[in-house]
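Dear colleague,

Please find the structure below, handed over for your use. The findings follow it, arranged by topic.

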Amino acid sequence: MTRPTLVLLCGLLCDARIWEPVRAALSPRLDARILAFPGFRTIEAMAADVAERVPGPLVVIGHSMGGRVALDVVRQAGDRVVGLGLANTGIHPPAPGEAAGRQTLIDCARTRGMEALADAWLPPMMGAPDDRVAALMPELRAMVAANTRESYEGQIAALLARPDAETPLRSYKKPLLLLAADRDRWSPPAQHEAMRDLAPQGELHVLAEAGHMLPVERPEAVAALIDDWFGRHWPAA
């Protein structure tokens, strides 16, 4: 069997910078691609783009919104997804009040710009120690500010119209890696425990001293878990 391609999927307002520290810490034998979704307006289109851009068998690991995309890749091309990873994400439909909360941030971006949005949106997402957060913030702010407002609004529209994610997860029987952070207030560990209940083969790891931006907050730990999981299921020739 051809060794599958590892694909790391980015979340809302994120680009390769969210996964690059993890990729840099992975084993040299494990090559990973990073895909982001600027300009998209539906989760379904994002997933179709993944399936089109990366041929052959896939191991897809999605962070935040990227987890939703990964599950829709399973729905669209499940025969090609031999491994699935879900980090800092969930499968629930939009909650009451979610649209209003997201609209507040859209209004911030419209009236004050993407830099102001970064300042409002990023701090509650973080859970690492203060010195670590301070070191990460300049690059994360630059990442958010690199998005256009139109792209941001398109991604929000995609999330508010997100497709059913429970059915693809419930039907998925192949290797599954679940990554959560103990200080993630947006996608807490309980959401990942609920996903494991639907897919009991899932390996759940809750990392300490991290929040929703787990891949940059604890990149070495995330890379070690991915290396171990990938190596056990798809060993190098």
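**Helix packing and pockets**

Helices α4 and α7 are roughly antiparallel to each other, because the angle between them is over 145 degrees. Please note that the model is a predicted one. The packing angle of α4 and α7 is about 175 degrees, and their axes are 11 Å apart. On the α4 side, the residues that meet α7 are E98, A99, R102, L105, I106, A109 and R110. Their partners in α7 are R149, Y152, E153, I156, L159 and L160. Sorted by class, this contact of α4 with α7 holds eight nonpolar and five charged residues, with no polar ones.

Two further helix pairs may be described in the same terms. In general, a pair of packed helices is described by the angle between the axes and by the distance between them.

The pair α2 and α3 comprises residues 43–53 and residues 65–77 respectively. These helices pack at an angle of about 65 degrees, and their axes lie 8 Å apart. That angle makes α2 roughly perpendicular to α3. The crossing of the two is right-handed. From α2, the contact draws on I43, E44, M46, A47, A48, V50 and A51. From α3, it draws on M65, R68, V69, D72, V73, R75, Q76 and A77. In the contact of α2 with α3 there are ten nonpolar residues, one polar residue and four charged residues.

The other pair is α5 with α6, the latter covering residues 130–145. Here the packing angle is about 130 degrees and the axes are 8 Å apart, which means that α5 is oblique to α6. The crossing of α5 and α6 is right-handed. Residues M114, E115, A118, D119 and W121 of α5 meet R141, V144 and A145 of α6. The contact of α5 with α6 contains five nonpolar and three charged residues, and no polar residue.

I turn now to the pockets. Empty space is found by rolling a probe the size of a water molecule over the atoms.

The largest pocket holds about 260 Å³ of space. Its lining consists of 20 residues, and those nearest its centre are H92, E98, R102, W186 and S187. Among these, E98 and R102 also take part in the contact of α4 with α7. Both α3 and α4, the latter spanning 98–112, supply at least two residues each to the lining of the largest pocket. By class, that lining has eight nonpolar, eight polar and four charged residues.

For the second largest pocket, the volume is about 190 Å³. There are 14 residues in its lining, and L105, W121, P124, M125 and W186 are the closest to its centre. At least two lining residues come from each of α4, α5 (114–121) and α7 (149–160). Of the lining of the second largest pocket, α4 provides the largest share, namely three residues. The lining comprises nine nonpolar, two polar and three charged residues.

L105 belongs to the contact of α4 with α7, and W121 to the contact of α5 with α6.

With kind regards

Conventions
Residues numbered from 1 in each chain as written. Predicted model: local features only at pLDDT ≥ 70, side-chain atom pairs only at ≥ 80, totals over all residues. Heavy atoms only, no water. Axes fitted to C-alpha atoms, helices over the stretch in contact; angles between N-to-C directions. Helix = DSSP H or I, 4+ residues; strand = E, 2+ residues; numbered from the N terminus. Parallel < 35°, antiparallel > 145°, perpendicular 65-115°, else oblique. Left-handed = near helix turned anticlockwise from the far one by under 90°. Contact = heavy atoms within 4.5 Å. Nonpolar A, V, L, I, M, F, W, Y, C, P; charged D, E, K, R; others polar. 1 Å grid on protein atoms, 1.4 Å probe; cavity = no way out; pocket = protein on both sides within 12 Å on 5 of 7 lines; lining within 4 Å. Points joined across faces, edges and corners; volume = space filled by probe spheres on them.
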